[in-house]
Every structure is written in C-alpha cells, then in structure tokens.
Amino acid sequence: MFTGIVTAIGRVAKATRDGGNGTGEGGLTLAIRAPYKGLKKGESIAVNGACLTVERVVAGGFTVHVIETTEGRTLLGDYARGRRVNLERAVRALDRLGGHIVQGHVDGVAVVERAEVQGDAWLCDLRVPPEVREVSIPHGSIAVDGVSMTINALPAPELVQISLIPFTRAHTTLGELRAGDRVHVEADVLGKYVRQLCRSEP
C-alpha cells in the first residue's frame, strides 16, 4: 500500500525485452536509477503509480519485471532510457499517511486535455476512463502517475481537474505535463468499493 506522496524522482536507465535475462520469459525489465538506501529484493515500489516488485538491487537503483498483463494496462511498455518517473516505497505501519490510500493498481490511462497556469496554481484537465470518472467527486482523491491529488472540479462528463501547487510541480513529474500527455490514474479505493456494493444484488 502507498499514500501517493512521492519520495523520489527516478530515471529509467535501461528497458529490456524478454525479461532481460535470456530465459525466454515474456514481459519487460526496467532498470531504474533511484537515490534510495537499504532497498531489498522483493519489496514493493510504486513507479508512476504502478506497484512493482524489486527484482534486483543494483548500484544506484533497482530492476523490476513488468509482466505482460501490467504492461497492457499501463504505459510502462513505452518507457525508454532517460524517462523520469515518480517513486514511492511501500508505506510502513508507523508512517504518516499524508496523502490517501493508494494501492498501486492502475485503473487506466488518462489524457491531459488542458494544462495552464492560473494564479499560483497549475490546472490540469484530465480525460479519464469512465470507471474512474464515475467514482470521482469534487475534493475527493485521485492518484495521477502515483501522486495523491485532490480533485479540484469536474468540468465535463469525462473530465477530472486537478490543481498543482508549486511544491508538487517541483518535486514530481506532474509539473512537466502538457496537453496530449498520457498519465496513469487510480481512482479512490473507497469510491470503488462503494460503487461495487451499490451494484451488488440483495
């Protein structure tokens, strides 16, 4: 589990097909440079909001294996060397929950429809999948490329608007967003459970 509070920006050092180990396994291996200390094989790290397992700890970073199922639901297959990514290690029981409950299970890909400065904020309108929009509410939560964001407004049936403060723009990759960019989105897990309960038959 994560909270959507990005603790580092990493960089893809290498993207290798066929598992990167010559075994014939499918999927993709990403080598990611990160400043973390004390990483352990098998721990979970959210990479742009997608929960991935550390396969190997290497000097200056780690590697993860992206299975075909995950690749089909995310943008990870498009990541190439040099790509900057938001990183968050799994939350510990005694950590501060500064964001919201984020599972690291990407619900879909959103497209940036608009990104512009208004006053001291950077407003982004995201065209999100219907199942994400359905459980989005004003002042509710949404994870965008792994960053916990408050929904500022719902300007249209398929749109969710977020407002980036200067700190978020400086300490995550969201400040680089421009119209046409694509991002991972994860809807609020509480909203998803309520929707499912309401759909269940008595």
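**Notebook: salt bridges**

I looked up Glu134 and found it in a salt bridge with Arg195, with 3.3 Å between the closest N and O atoms. The term salt bridge here means a side-chain nitrogen of Lys or Arg within 4 Å of a carboxyl oxygen of Asp or Glu. Glu134 sits in the loop between α2 (130-133) and β9 (141-144) and Arg195 in helix α4 (residues 189-199), so the bridge ties together parts 61 residues apart in sequence. Helices (H or I, at least four residues) and strands (E, at least two) are DSSP runs, numbered from the N terminus.

The model is predicted: local features need pLDDT of at least 70, side-chain atom pairs count only at pLDDT 80 or more, and totals for chains, interfaces and linings use all residues. Residues are numbered from 1 along each chain as its sequence is written, and side-chain values use heavy atoms, with hydrogens and water left out.

I then checked accessibility (buried under 20% relative accessible area, exposed over 50%, partly exposed in between; 1.4 Å probe, protein chains only). Glu134 is partly exposed at 48%, whereas Arg195 is buried at 17%.

Next I took Glu158, whose side chain meets that of Arg127 in a salt bridge (2.6 Å, N to O). Glu158 lies in the loop between β10 (147-153) and β11 (159-164) and Arg127 in strand β8 (residues 121-127), 31 residues apart. Glu158 is partly exposed at 42%, and Arg127 is partly exposed at 32%. Salt bridges with shared partners join Glu113, Arg127 and Glu158 into one network.

Last, I looked at Asp95 and Arg92, which form a salt bridge at 3.4 Å, N to O. Asp95 is partly exposed at 29%; Arg92 is exposed at 62%. I noted twelve salt bridges in the structure.
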